[in-house]
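Please keep the sequence and the coordinates at hand while reading.

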Amino acid sequence: MKEILLMGFYQPHEALSRFLVSAQQEFKIPIRYLQEYAALGTGGGIYHFRDQILSGGAEAFFVLNADVCSEFPLQEMLEFRQQHGDAHSFVILGTTANRTQALNYGCIVANADTQEVQHYVEKPSTFVSEIINCGIYLFTPAIFQHIGEVFQRNQQELVLEESSNGWQRAEVIRLEQDVFTALAGSSKLYVYKTDGFWSQIKSAGSAIYASRLYLNQYSKSHPERLAQNKPGGPIIRGNVYIHPTASIDSTAVLGPNVSIGEGVTVGAGVRVRESIVLHGASLHDHTCVLNTIVGWDSTIGRWARVEGTPSDPNPNDPYAKIDSETLFRDGRLTPSITILGMSQPPPATATLPVGQTLSPLANPLVLFPQAAVSLSPLRSLFSTPSSFLTRS
């Protein structure tokens with residue numbers, strides 16, 4: 001791997017710049033962010049920056065959607081391409097979904113012997129195949145010829161139209177609908193099916209699930225990265241990651257599936273399960289945090305209980321995927337994990353006196369000014385469904 005390019009239409013900012021510098025220092029590889037002038041789609045972005053992608057003379061390159069988690073079997077995909085097709089063929093990473101959920105993804109029909117993609121449909125209305133697109137691709141420079149054909153066709157269609165909406169641009173190209181559908185059956189597109197873990201990350205609840213998948217992977221491939229029960233240390237149950245700079249009281253109980261970030265402070269008697277605690281957060285004595293993402297520099301006061309509702313896939317179906325839930329369903333809040341937003345400077349805090357509790361409503365939504373959270377002291381249940389979206 002020679003270089004990593006991040007593409008998106010979001011305005012770069014200081015936090016992103018710090019992340020790029022830190023990542024380059026850690027992984028010893030050039031990393032750049034290329035900003036699109038508008039949202040150009042999954043194919044339009046790489047076509048717009050094709051000269052920069054090919055500037056290093058790359059013979060092949062990977063394209064990964066940022067809203068997925070996976071084992072990322074990139075080496076296996078390279079070896080698969082060498083055994084199938086020719087030097088100009090392309091590979092899609094695929095996995096198996098159940099018949100119902102497959103309708104929410106790009107569906108692939110492939111030759112059972114050669115794995116050549118014979119038919120591709122993005123989010124079909126009826127069942128097509130149980131093999132779905134994982135959003136991870138291996139391309140050669142020849143892909144730009146096929147994307148260019150779509151670009152030329154889009155230009156011609158816009159010229160023929162007497163008037164066009166402002167959002168229409170010839171460069172808005174979707175790999176899935178515009179390119180893969182046309183390549184299917186041409187002996188140039190293949191699917192590598194993985195049995196490893198894979199999931200989308202399109203909601204807050206799926207972030208907790210993704211963390212669990214990665215922690216489980218670490219337990220197999222890098223167990224040294226996970227915390228262990230040691231004399232004088234906290235009680236560890238299951239897979240738990242603790243940043244070396246975090247301060248954890250020996251009476252705290254963590255796990256399973258917990259990630260503790262840089263500079264986090266965890267007090268005495270704290271219980272954390274199925275949660276992510278981001279850098280600089282402070283969990284005061286005897287707090288209970290379940291199915292929650294605790295934001296940067298947030299503070300949870302003594303005796304507070306912060307709990308969300310997990311949104312895991314069906315554990316009895318090996319091919320079940322996590323569903324992308326909407327915030328509201330039938331006029332009601334959809335149960336989801338709890339998120340405490342990034343803390344802001346005082347006085348944006350909220351305090352409830354000892355013994356005062358919220359009424360036992362289903363999924364109460366509690367709003368704090370400027371997303372600053374300081375719960376102290378409190379014995380109650382907070383559940384604040386939210387979501388986030390990342391894009392490559």
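## Overall make-up

The structure is a predicted model, and the protein in it contains seven helices and 28 strands. Of its 392 residues, 44% are buried.

## Helix H5 against H2

Helix H2, spanning residues 41-48, packs with helix H5, spanning residues 143-160, at an angle of about 110°, and their axes are 10 Å apart. Because angles of 65 to 115 degrees count as roughly perpendicular, H2 is roughly perpendicular to H5. The crossing of these two helices is left-handed.

On the H2 side the meeting residues are Gly43, Ile46 and Tyr47, and on the H5 side they are Phe144, Ile147, Gly148 and Phe151. By class, the contact of H2 with H5 comprises five nonpolar residues and two polar ones, with no charged residue.

## Helix H5 against H6

The axes of H5 and H6 come within 10 Å and cross at roughly 115°, which means that H5 is roughly perpendicular to H6. In this case H5 passes H6 in a right-handed crossing.

From H5, the residues Ile143, His146, Ile147, Val150 and Arg153 meet Leu175, Asp178, Val179 and Leu183 of H6. The contact of H5 with H6 divides into six nonpolar, one polar and two charged residues.

## The largest nonpolar core

Which residues touch the most other members of the largest nonpolar core? Within this set of 30 residues, they are Ile46, Phe139, Ile143, Ile147, Val179 and Phe180. At least two residues each are supplied by the helices H2, H5 and H6 (175-183), and likewise by strands E3 (61-64), E5 (90-96), E7 (117-122), E8 (131-139) and E9 (189-193). The contribution of H5, at five residues, is the one that gives the most to this core. Apart from this core lies another, of 23 residues, which includes Val264, Leu283, Val306 and Leu340.

Ile46, which belongs to the H2 side of the contact with H5, is in contact with Met7, Ile53, Val63, Phe139, Phe144, Ile147 and Leu175 once its neighbours within four places in sequence are left aside.

## Ile147 in helix H5

Ile147 lies in helix H5 and takes part both in the contact with H2 and in the contact with H6. Is this residue buried or exposed? Its relative accessibility is 0%, and therefore Ile147 counts as buried.

Leaving aside neighbours within four places in sequence, Ile147 is in contact with Gly43, Ile46, Tyr47, Ile173, Leu175 and Val179. Gly43 is 104 residues away from Ile147 along the chain, yet the C-alpha atoms of the two are separated by 7.0 Å.

Thr140 is found in the loop between E8 and H5. At 2% relative accessibility, Thr140 also counts as buried, because the cut-off for that class is under 20% relative accessible area. With neighbours within four places in sequence set aside, Thr140 is in contact with Glu59, Ala60, Phe61, Arg81, Ala87, His88, Ser89 and Phe90.

Methods. Residues numbered from 1 in each chain as written. Predicted model: local features only at pLDDT ≥ 70, side-chain atom pairs only at ≥ 80, totals over all residues. Heavy atoms only, no water. Axes fitted to C-alpha atoms, helices over the stretch in contact; angles between N-to-C directions. Helix = DSSP H or I, 4+ residues; strand = E, 2+ residues; numbered from the N terminus. Parallel < 35°, antiparallel > 145°, perpendicular 65-115°, else oblique. Left-handed = near helix turned anticlockwise from the far one by under 90°. Contact = heavy atoms within 4.5 Å. Nonpolar A, V, L, I, M, F, W, Y, C, P; charged D, E, K, R; others polar. Core = buried A, V, L, I, M, F, W, Y, C linked by side-chain atoms within 4.5 Å. Buried < 20%, exposed > 50% of the residue type's maximum accessible area, 1.4 Å probe, protein only.
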